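Hi there,

Here is the structure I promised to pass on, with the sequence alongside. My notes on what turned up follow below.

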Amino acid sequence: MTPSPMRPGRDCPLSYRYPPASLRREAEIVSDAIYVVGGLYGNVEALERVRSMAADEPGAALVFNGDFHWFDVSREDFLAVNGAVLAHHALRGNVETEIAADDSGAGCGCAYPMDVSDAEVARSNRIIERLRDAARAFPSLRKGLGELPMNLVAQVGGARVGIVHGDASSLAGWGFAHDRLADPAHRRWIENAFRESGADLFASSHTCLPALRTFDFGRGEVAVANNGAAGMPNFAGRRSGLLTRVGLAPYAGEALHRVKVRGVHVEAIEIGYDHERWAGRFLAAWPEGSPAHDSYWRRLSEGPRYALENVIAA
Ligand SMILES: [Fe+2]
């Protein structure tokens, strides 16, 4: 039987999958504090801000959990993002995976659910094509992106942290999306993800909307921390990115939300980047009428229709 062709931007390639049990391994990162930065999306200003936040906390490790590239189609920005990110811990998201390879038929690799419109999916596929074209100038960097791991394991005090881009079993999975985390029908899947992986905390991204939820499956509280986007606004009327900090001590500054897992602080921290500079950079690369402008300009200027309370509530 001939397999049906992939629907670009909708289907999840088989190569994106991994068993949750593969996270049962020695931690690659051991630190008193980690900053998990998912979905930077080529925002150079947010990158600068994150690096300065981490530098203020000596010993803290920066971990970029995928989709650090996206809007950075200019040569200068692509190199700036790639160089800075790879100086730290990094794993690949669907964006890096898809630009590292030639067109696999997966489009942007987002595996978008059906509530995302066909028009938006088509625009994302056009963005990835343009970004891949920009990346072709740097074959060795493309190869390096393709060789990044799909997940990382960190140990922060008594907490084992599974750091993923999508969810516990797929690089582009939506199992840690805010609405799935609140869905009783999805609870068994989440419980299995924790049991099989041995993680106390999952730090994820990919779905572009943040969530921080705790669960108790009978062996103490565990949590999923989805940072939404580091490089795009996450709430209506707030022009800032978001990261997940996991630390033995709480963050010295303000946290939007915080929970505790195995005695370790898990916090949603705002990334207050220079919006005006970022907007200028974005518009230079993606003017009105471009696919990124059509899909994202409104969000970059006004934020998504998502409230701060949604992070911890259904
Ligand atoms: Fe993604």
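Let me start with the open space. The largest pocket of this predicted model has a volume of about 910 Å³. A pocket here is an open set of points on a 1 Å grid over the protein atoms alone, where a 1.4 Å probe fits, with protein on both sides within 12 Å along at least five of seven lines. Grid points are joined across faces, edges and corners, and a volume is the space filled by probe spheres set on the points. The pocket is lined by 31 residues, and Glu-120, Cys-208, Leu-209, Arg-299 and Pro-304 are the closest to its centre; a lining residue has an atom within 4 Å of a point. Helix H3, helix H6 (178-181) and helix H9 (291-302) each give two or more residues to this lining, and H9 gives the most, with five. Helices (H or I, at least four residues) and strands (E, at least two) are DSSP runs, numbered from the N terminus. By class, the pocket lining has 15 nonpolar, seven polar and nine charged residues. Ala, Val, Leu, Ile, Met, Phe, Trp, Tyr, Cys and Pro count as nonpolar, Asp, Glu, Lys and Arg as charged, and the others, Gly among them, as polar.

Before going further, the ground rules. Residues are numbered from 1 along each chain as its sequence is written. Because the model is predicted, local features need pLDDT of at least 70 and side-chain atom pairs count only at pLDDT 80 or more, while totals for chains, interfaces and linings use all residues; side-chain values use heavy atoms, with hydrogens and water left out.

There is also one cavity of 30 Å³ or more, a cavity being a set of points where the 1.4 Å probe fits but cannot get out. About 60 Å³ of space lies in the largest cavity. Its lining has 13 residues, with Ala-211, Leu-212, Asn-226, Thr-244 and Ala-268 nearest the centre. Strands E8, E9 (221-226), E10 and E12 each give two or more residues to that lining, which divides into nine nonpolar, three polar and one charged.

Now to the sheet. Six strands form an open sheet in the order E1-E5-E6-E7-E9-E8, with mixed pairing; two strands pair if DSSP finds at least two bridges between them. Strands E1 (29-30) and E8 (211-216) are the edges, each pairing on one side only. E1 and E5 pair in the parallel sense over two bridges, with Val-30 opposite Gln-155 in E5. E6 (residues 159-164) then runs parallel to E7 (residues 201-204), joined by three bridges, and Ile-163 has Ala-203 as its partner in E7. Strand E5 (residues 151-156) is largely enclosed by the rest of the structure, because five of its six residues are buried. Buried means under 20% relative accessible area, exposed over 50%, and partly exposed in between (1.4 Å probe, protein chains only).

The structure holds 16 salt bridges, each a side-chain nitrogen of Lys or Arg within 4 Å of a carboxyl oxygen of Asp or Glu. One of them joins Arg-277 and Glu-45 (3.2 Å, N to O). Arg-277 lies in helix H8 (residues 275-285) and Glu-45 in helix H1 (residues 44-55), so this pair ties together parts that are 232 residues apart in sequence. Arg-277 is partly exposed at 42% relative accessibility, whereas Glu-45 is buried at 3%. Another joins Glu-267 and Arg-245, with the closest N and O atoms 2.8 Å apart. Glu-267 sits in strand E12 (residues 264-271) and Arg-245 in strand E10 (residues 241-247), so the pair ties together parts 22 residues apart in sequence. Both Glu-267 and Arg-245 are buried. Salt bridges that share partners also join Glu-45, Glu-48, Asp-77, Arg-277 and Arg-281 into one network.

Finally, Pro-250 is in the loop between E10 and strand E11 (257-261). Its contacts (heavy atoms within 4.5 Å) include Arg-245 and Glu-267.

Best wishes

Conventions: Lists of a residue's contacts leave out its neighbours within four places in sequence.
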